[in-house]
Amino acid sequence: MQEARGSVQSIDRAVAILRCFDARTPDLGISDLARATGLSTSTVHRLLLAMQENGLVRQTAHRRYAIGPLVVQLAHSGGIPAGLRDAALPVLRALRDDTGETAAVHELLPSGQRVVLDQVESLHQLRRTYTEFGLPVALPQGAPGKALLAFLPFERQQEVLKGPLEKVQPATITDPEVLAQQFAEIRRRGYAMSRTERTAGICSVAAPVFGYSGQVAGCLSVSGPEMRMPVERMKEFGMRVAEGAWSVSELLGATPATRDRSTALAGGR
């Protein structure tokens, strides 16, 4: 039992060492890693030898270390999703099967708009079907747009809320104060809802997907005809979509700490 605990501790320490490498510090010395992890230099040295033998780190010039070839190989092997769409597709299939409604993945563009990347359609004859793949859609129209905008930096939200806000359907919300209140609620519960706000007769729920930096990168949604989407059912779906979206976020490298920092910034804190 003692040996098992020691093995787990070694894994935890090796992971702590790997987390020290990033674009700003691509290679580090033993003393640097000891300071960053709080481990002794002898412990760091012992772990680095084992990690080097397994390809997790490699030695560079002047007895410094960098990420090893095994990590790079895994990243390019296809076992790790290449991007948002690849990471999301298995989750979309599960959401479609679980809810019976169309599930989709949306990406946030640098322009502040969003696009539909892909969908897994409902098997119902009457269903939501996306046709505008790759076409930019303005924020904050619909649940996907609100799920993205609610987690953008507070200053960016304020810019969008200053308008103009286009009313594309009778139910489209264009009151900045109402939207700001909705954004706060979305951050609290983790998902957005819309009832016929962007497409006539269609109701949607959506939850944000975060990238490795913790910033919102896209969202997942479930949508269907208004007749099959009463509010209570939407709330139930919202929690399922939020769980699925977080699983995609983790595949993209997000952690609770990075997500929470971005969420705090989105709330103006």
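Leu139, Pro140, Val160, Pro164 and Leu165 lie nearest the centre of the second largest pocket, which has 21 lining residues. A pocket here is an open set of points on a 1 Å grid over the protein atoms alone, with protein on both sides within 12 Å along at least five of seven lines, and a lining residue has an atom within 4 Å of a point. This is a predicted model, in which local features need pLDDT of at least 70 and side-chain atom pairs count only at pLDDT 80 or more, while totals for chains, interfaces and linings use all residues. Residues are numbered from 1 along each chain as its sequence is written, and side-chain values use heavy atoms, with hydrogens and water left out.

Let us stay with this second largest pocket for a moment. Its space comes to about 250 Å³, where a volume is the space filled by probe spheres set on the grid points, which are joined across faces, edges and corners. Helix H6 (142–149) and helix H7 (154–161) each supply at least two residues of its lining, and H7 gives the most, with three. Helices (H or I, at least four residues) and strands (E, at least two) are DSSP runs numbered from the N terminus. The lining divides into eight nonpolar, eight polar and five charged residues; Ala, Val, Leu, Ile, Met, Phe, Trp, Tyr, Cys and Pro count as nonpolar, Asp, Glu, Lys and Arg as charged, and the others, Gly among them, as polar.

Now step back to the whole protein. There are 10 helices and eight strands, and the C-alpha trace spans about 65 × 40 × 35 Å along its principal axes. Of the 269 residues, 43% count as buried, that is, under 20% relative accessible area, with exposed meaning over 50% and partly exposed in between (1.4 Å probe, protein chains only). The domain assignment gives domain 1 (2–76) and domain 2 (84–267), with bounds from an automatic or database assignment. The centres of domain 1 and domain 2, taken over C-alpha atoms, are separated by 38 Å.

Both domains meet again at the largest pocket, whose lining draws at least three residues from each of them. About 1100 Å³ of space lies in this pocket. Among its 22 lining residues, Leu18, Phe21, Val71, Tyr212 and Gly253 lie nearest the centre. Helix H1 (2–18), helix H4 (69–76) and helix H9 (231–251) each supply at least two lining residues, and the largest share, four residues, comes from H4. By class, this lining has 15 nonpolar, three polar and four charged residues.

What about enclosed space? A cavity is a set of points where a 1.4 Å probe fits but cannot get out, and a search of the whole structure finds one of 30 Å³ or more. The largest cavity has a volume of about 100 Å³. Its lining has 13 residues, with Arg128, Ser194, Arg198, Thr199 and Ser204 nearest the centre. H6 and strand S7 (202–210) are the elements that give two or more residues to this lining. The classes here are five nonpolar, four polar and four charged.

Finally, look along helix H8 (residues 176–189). Its 14 residues reach 20 Å from first C-alpha to last, close to the 20 Å expected at 1.5 Å a residue, the expected span being 1.5 Å times one less than the number of residues. Leu179, Phe183, Ile186 and Arg187 are the buried residues of H8. Seen down the axis of H8, these buried residues fall within an arc of 95 degrees, so they line one face of the helix; the arc is that of the directions from the helix axis to the C-beta atoms. Glu177, Gln181 and Arg188 are exposed on the other side of H8.
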